[in-house]
Amino acid sequence: MVLIGRTLTAASKTGSHVGGGKFAKIRSKFVDTLRIYVRGGPGGMGLPRQSGVGGKGGAVYVQATHQITSLKAVKDAFPEKRFVGGAGGNSKSRKILGERGKDVLIPVPLGVTVMTDNCLMIGEVLEDKDKLLVVPGGEGGAPQNGWNGLKGKAINLTLDLKVIADIGLVGFPNAGKSTLLKAISGAKPKIANYPFTTMRPEIGTIKYEDFRQITVADLPGLIEGAHINIGLGYKFLKHVERTKLLLLVVDINGFQLSQKNYHRSAIETVLLLNKEMELYKEDLLYKPVVVAINKMDTPGAKDKVSELTEQLHTLDEVVKQLPEDIRPKRLLRFDHVVPISADKAHGVEKLKQVLRSVMDLYDDEFIQEVNQENRIGLKSRKEKGIQLV
Ligand SMILES: Nc1nc2c(ncn2[C@@H]2O[C@H](COP(=O)(O)OP(=O)(O)OP(=O)(O)O)[C@@H](O)[C@H]2O)c(=O)[nH]1
Ligand SMILES: [Mg+2]
């Protein structure tokens, strides 16, 4: 058995071929961060003669809405990316208390984090209608400011989207993630026989007979070196952060990007995904994982699957054969391994039930514990009697 060959980051024999140039353009087209300018509205003038106070300027808020699913939609709707609160009304003898300036609401998808240029996090909006104040309006003219309304504060902000779904599909390109999403949910993602068909996360929903619904995020394929921006890069890994369960989709035949690249066997793709996630954020490895071994309808698949299942069950032993410097420090633990043929919908019903059972087992509270206090993750998984293969 050949494991990995050279190094994990040696994605291709030619190195730069898959890295910068070819995919940089595609990567840059994908909007999942957006820089915006926001300014609070100016406060209205006071009226010293009659002790009249000017109206406060309008504030700017970010508000999550189900109706928007990407930051590109925000960019398209507001190409100038400028959001300024309305001016507060001046105090007049007829209307002694100046009118409040109009607030501005920036509609964004669920899962947006708002940050300043110094990477200071202002907050995040995760649920529908969550509203976050990003900049207040200026105070109206009053005795303490010499009756002159104050200007609103102006700042540049970065909106950063991480999709929210119960399950994240993780796998090499062409493994059949989108085909599987289509088979288990009502979604209609693009499917094609070439790598990097999926360019942005797409969410589908699995519906069960008892009306339970589980959301699944189809993500772009990852290849070795993703953490140093090879292929479509690491930016998609962040979307895995907010999922509760990882569904690894593995092509039983492995993966080869092109003639110039190494062929990776199925077990190598699993180890490479393990390493990429570890290099991106080790916490990801504490999430429960289900493996779908796909393309079981292809010639020779049945012979290969028992060896692969054995390897997945004894990953500790398998990695001992790897050179130490490229060995994952922490190994994924697989809760279930399910052979499927996403294309023919074989094994898909069983997979749906398995996903359901794992999701039910990991109640929300427990998932949070795993995510936040990941140090005790595996230990408490064992304590809760969850089977680790
Ligand atoms: N024989 C066979 N082919 C499959 C199966 N599942 C998917 N495919 C094919 O594999 C190719 C890739 O499928 P996709 O679903 O687009 O793969 P993906 O993992 O989403 O790929 P990226 O979006 O590029 O990461 C397509 O030609 C599919 O028809 C399967 O179970 N058996
Ligand atoms: Mg796809």
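Reader: What makes the approach of the Lys 275 side chain to the backbone oxygen of Arg 327 a polar contact?

Author: In this predicted model, a polar atom of the Lys 275 side chain lies 3.3 Å from the backbone oxygen of Arg 327. The cut-off for a pair of N or O atoms is 3.5 Å, so the pair qualifies as a polar contact.

Reader: Where does Lys 275 sit, and how do you know whether Lys 275 is buried or exposed?

Author: Lys 275 belongs to helix α5, which covers residues 266-280. Its relative accessibility is 8%. Buried means under 20%, and Lys 275 is therefore classed as buried.

Reader: Which residues are called protein donors of the magnesium ion (ligand 2), and why?

Author: They are Ser 178, through OG, and Thr 198, through OG1, at 1.9 to 2.1 Å from the ion. A donor must be an N, O or S atom within 2.8 Å of this metal, so both atoms meet the criterion. Water is not among the atoms, so the site may look incomplete.

Reader: What makes this pair a tie between parts of the chain?

Author: Ser 178 is in helix α3 (residues 177-184), whereas Thr 198 is in the loop between α3 and β10 (202-207). The pair therefore ties together parts that are 20 residues apart in sequence.

Reader: How do you know whether Ser 178 and Thr 198 are buried or exposed?

Author: Ser 178 has a relative accessibility of 9%, and Thr 198 has a relative accessible area of 13%. Both values are under 20%, so both residues count as buried. Across the chain, buried residues make up 51% of the 389 residues.

Reader: Why are β3 and β6 said to stand at the edges of their sheet?

Author: The open sheet has five strands in the order β3-β1-β8-β5-β6, with mixed pairing. β3 (82-84) and β6 (121-125) each have a single partner strand, so one side of each is left without a neighbour in the sheet. From one strand to the next, the twist averages 25°.

Reader: What makes β1 and β8 a pair of strands?

Author: Strand β1 (residues 33-39) and strand β8 (residues 154-161) are joined by seven bridges in the antiparallel sense. Pairing requires at least two bridges, so the two strands pair. One of the links involves Arg 39, whose bridge partner in β8 is Ala 154.

Reader: How many helices and strands are in the chain?

Author: The chain contains ten helices and 14 strands.

Note on methods: Residues are numbered from 1 along each chain as its sequence is written. Chains are lettered from A and ligands numbered from 1 in the order in which they are written. This is a predicted model: local features need pLDDT of at least 70, side-chain atom pairs count only at pLDDT 80 or more; totals for chains, interfaces and linings use all residues. Side-chain values use heavy atoms; hydrogens and water are left out. Helices (H or I, at least four residues) and strands (E, at least two) are DSSP runs, numbered from the N terminus. Buried means under 20% relative accessible area, exposed over 50%, partly exposed in between (1.4 Å probe, protein chains only). A polar contact is a pair of N or O atoms within 3.5 Å; within protein, one must be able to donate a hydrogen and the other to accept it, and residues adjacent in sequence count only if both atoms are side-chain atoms. Donors are N, O and S atoms within 2.8 Å of the metal (3.2 Å for Na, K and Ca); water is not among the atoms, so sites may look incomplete. Axes are lines fitted to C-alpha atoms, for helices over the stretch in contact, and angles run from 0 to 180 degrees between N-to-C directions.
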